[in-house]
Amino acid sequence: MRRTLTIAAIMMFATNCIFAQIAEFERWAKAPEGELLSQKFANKKLNKADCMRAAEIIDSMWISATADRLKAQWSKLTISNDSLKLACATRTFGPLPDDGRSLFISMHGGGECPKEVNDQQWMNQIYLYEPFEGVYIAPRAPWNTWNMWHREGLDELFEEVIQACVVFEGVNPNKVYLMGYSAGGDGAWRMAPRMADKWAAASMMAGHPGGASQVNLYNLPFMIWMGEKDAAYERNRLAKEKGELMDSLQQANPGAYIHQTNIIEGKGHWMDRIDAASLEWMAQYRRNPYPKKIVWRQELVTREHFYWLSAPKEQLNHGLTVIASIEGNTINIERCDYSSLTIHLNDNMVDLDKKITILYKGKKIAKKKLKRTISGMYRSINSRNDRSYAFPAYIHIEL
């Protein structure tokens with residue numbers, strides 16, 4: 001994030017009078033992050049109204065900083081992260097809606113084959129689907145391997161594509177959809193649950209699930225598309241089994257695990273674009289960044305944050321699971337495989353003017369009133385790079 005604010009942002013702060021002296025704020029605005037967050041006002045308790053005004057300004061800071069960071073890359077439609085590059089082909093459909101554009105990230109097929117084959121599959125994916133509205137992006141996988149759509153490093157590239165589209169293309173971060181065909185379907189099986197807190201809905205076409213789990217799809221609508229005769233690697237059998245698994249998860253959790261399974265009669269690996277119906281189905285959903293219940297299981301590539309939870313970075317490991325829920329001002333941690341957990345909160349989730357109760361397996365382990373702070377919002381949006389995840393309050397618990 002940039003170290004300085006724009007003149008407009010400074011004027012907004014002066015007008016809002018969140019801080020007593022504009023001179024103090026100006027010194028903060030020009031300071032390195034560590035010094036900035038050590039200032040007294042960064043941890044000063046804010047009321048709800050001042051918190052909302054501060055959030056608007058921090059959001060403006062984030063947009064400006066993200067634009068500076070990604071402008072050169074997005075002008076070339078290539079996102080770079082360390083040694084990886086993700087080239088993107090884009091098409092835009094329909095007028096700009098009042099609530100922002102949709103974003104469809106569509107992963108191509110191919111896999112463990114010559115570069116030329118994967119390039120051809122990429123070209124095919126660019127024109128494979130056409131949403132009624134939104135930015136349609138077909139990225140070129142950074143690798144030419146069987147697991148090209150779910151290797152380590154892809155998460156960060158996808159996140160930066162989303163950030164660029166939010167800043168430069170007018171995309172609503174709560175209207176981002178993931179889809180993929182064949183090897184791209186392999187990716188959808190894995191990346192949809194792994195990054196479930198980033199998507200509004202997802203669709204898998206003709207892919208192999210491998211060892212991916214579906215439990216993280218608690219809040220993510222998910223479609224399965226498979227040709228009845230697509231028997232290579234037993235894809236058809238596994239798609240049917242996964243659909244039945246999703247049925248059982250939904251039955252056990254009414255209102256959660258929204259899904260639809262489509263086994264297309266008479267079709268093999270190519271479904272003659274019948275699966276294009278997925279775009280309209282996905283587009284009816286919006287991401288809820290603050291769901292009342294979370295099921296978070298780590299996949300082979302681990303992640304430190306998921307919705308409103310953060311786990312200890314040094315403990316992340318495949319299969320470790322957290323199940324947590326919110327009811328009123330009570331947070332119940334039903335399961336946690338870590339020694340500690342950080343819960344991030346805002347006024348959309350709980351009443352921060354009242355005490356928050358934390359239960360672990362039904363037993364009260366904490367009850368305290370939390371404070372809204374600038375540093376909380378600044379740190380969380382800086383670590384998540386998602387406009388919805390600027391949390392003013394948090395509680396760290398040892399289990």
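Visitor: Which residue stands opposite Thr342 in E14?
Guide: Ser310 does. Keep in mind that this is a predicted model.

Visitor: Which strand pairs with E14 there, and in what sense?
Guide: Strand E11, residues 309-310, pairs with E14. The sense is antiparallel, over 2 bridges.

Visitor: And how many bridges join E14 to E17?
Guide: There are 6 bridges between E14 and E17. Strand E17 covers residues 393-398, and the two run antiparallel.

Visitor: Which residues face each other across E14 and E17?
Guide: Leu341 stands opposite Ile397 in E17. Ile343 has Ile395 of E17 as its bridge partner.

Visitor: What is the strand order in that sheet?
Guide: The order is E10-E11-E14-E17. These 4 strands make an open sheet with antiparallel pairing.

Visitor: Which strands stand at the edges?
Guide: E10, residues 305-306, and E17 do. Each has a single partner strand, so one side of each lacks a neighbour in the sheet.

Visitor: Which residues sit on each side of E14?
Guide: Ser340, Thr342 and His344 are on one side. Leu341, Ile343 and Leu345 are on the other. Both faces are covered.

Visitor: New topic: hairpins. What do E1 and E2 form?
Guide: E1 and E2 form a hairpin, with 2 residues between them. The strands run antiparallel, joined by 4 bridges. Ser80 has Lys85 in E2 as its bridge partner.

Visitor: What about the turn?
Guide: Asp82 sits in the loop between E1 (78-81) and E2 (84-93). Its phi is near 55 degrees, which is positive, and Asp82 is not a glycine.

Visitor: Why remark on that?
Guide: Most residues other than glycine have a negative phi.

Visitor: Is Asp82 buried or exposed?
Guide: Asp82 counts as exposed, at 78% relative accessibility. The cut-off for exposed is over 50%.

Visitor: Which other residue has a positive phi although it is not a glycine?
Guide: Lys361 is one, with phi about 55 degrees. Lys361 lies in the loop between strand E15 (356-360) and strand E16 (363-368). Lys361 is exposed too, with a relative accessible area of 59%.

Visitor: Which strand does E2 pair with over 7 bridges?
Guide: That's E4, residues 134-140, in the antiparallel sense. Ala87 has Arg140 as its bridge partner in E4.

Visitor: Helices now. Where is Glu160?
Guide: Glu160 is in helix H6, residues 154-168.

Visitor: Buried or exposed?
Guide: Glu160 is buried, with a relative accessible area of 13%.

Visitor: What does Glu160 touch?
Guide: Leaving out residues up to four places away in sequence, Glu160 touches Arg69, Leu70, Gln73, Ile79 and Ser80. Ser80 is the residue whose bridge partner in E2 is Lys85.

Visitor: And how far is Glu160 from Pro392?
Guide: Their C-alpha atoms are separated by 23 Å. Along the chain, Glu160 and Pro392 are 232 residues apart.

Visitor: Where is Gly185, and what is it in contact with?
Guide: Gly185 is in helix H7, residues 183-194. Beyond its neighbours within four places in sequence, Gly185 contacts Gly180, Met204, Met205 and Gly207. Gly185 counts as buried, at 0% relative accessibility.

Visitor: How far is Gly185 from Ser380?
Guide: C-alpha to C-alpha, 32 Å. In sequence, Gly185 and Ser380 are 195 residues apart.

Visitor: Zoom out. How many helices and strands?
Guide: The chain has 10 helices and 17 strands.

Visitor: How does the radius of gyration look?
Guide: The chain has 22 Å. A compact globule of 399 residues would be near 21 Å, so the value agrees. The C-alpha atoms fill a box of roughly 70 × 50 × 40 Å along the principal axes.

Visitor: How much is buried, and what does the surface look like?
Guide: Of the 399 residues, 56% count as buried. The chain exposes about 17300 Å², and carbon and sulfur atoms supply 50% of that.

Visitor: What about contacts and charges?
Guide: Among contacts with a separation of 6 or more, 67% join residues 24 or more positions apart. The chain has 50 positive and 45 negative charges, and their mean positions are 6 Å apart.

How values were computed
Residues are numbered from 1 along each chain as its sequence is written. This is a predicted model: local features need pLDDT of at least 70, side-chain atom pairs count only at pLDDT 80 or more; totals for chains, interfaces and linings use all residues. Side-chain values use heavy atoms; hydrogens and water are left out. The radius of gyration is taken over C-alpha atoms; the globule rule is 2.2 Å times the number of residues to the power 0.38. Buried means under 20% relative accessible area, exposed over 50%, partly exposed in between (1.4 Å probe, protein chains only). Contact means heavy atoms within 4.5 Å. Accessible areas come from the Shrake-Rupley method with a 1.4 Å probe; for residues, only the protein chains shown count as cover. Lys and Arg count as positive and Asp and Glu as negative; His and the chain ends are not counted. The place of a charge is taken as NZ of Lys, CZ of Arg, CG of Asp or CD of Glu. Two strands pair if DSSP finds at least two bridges between them.
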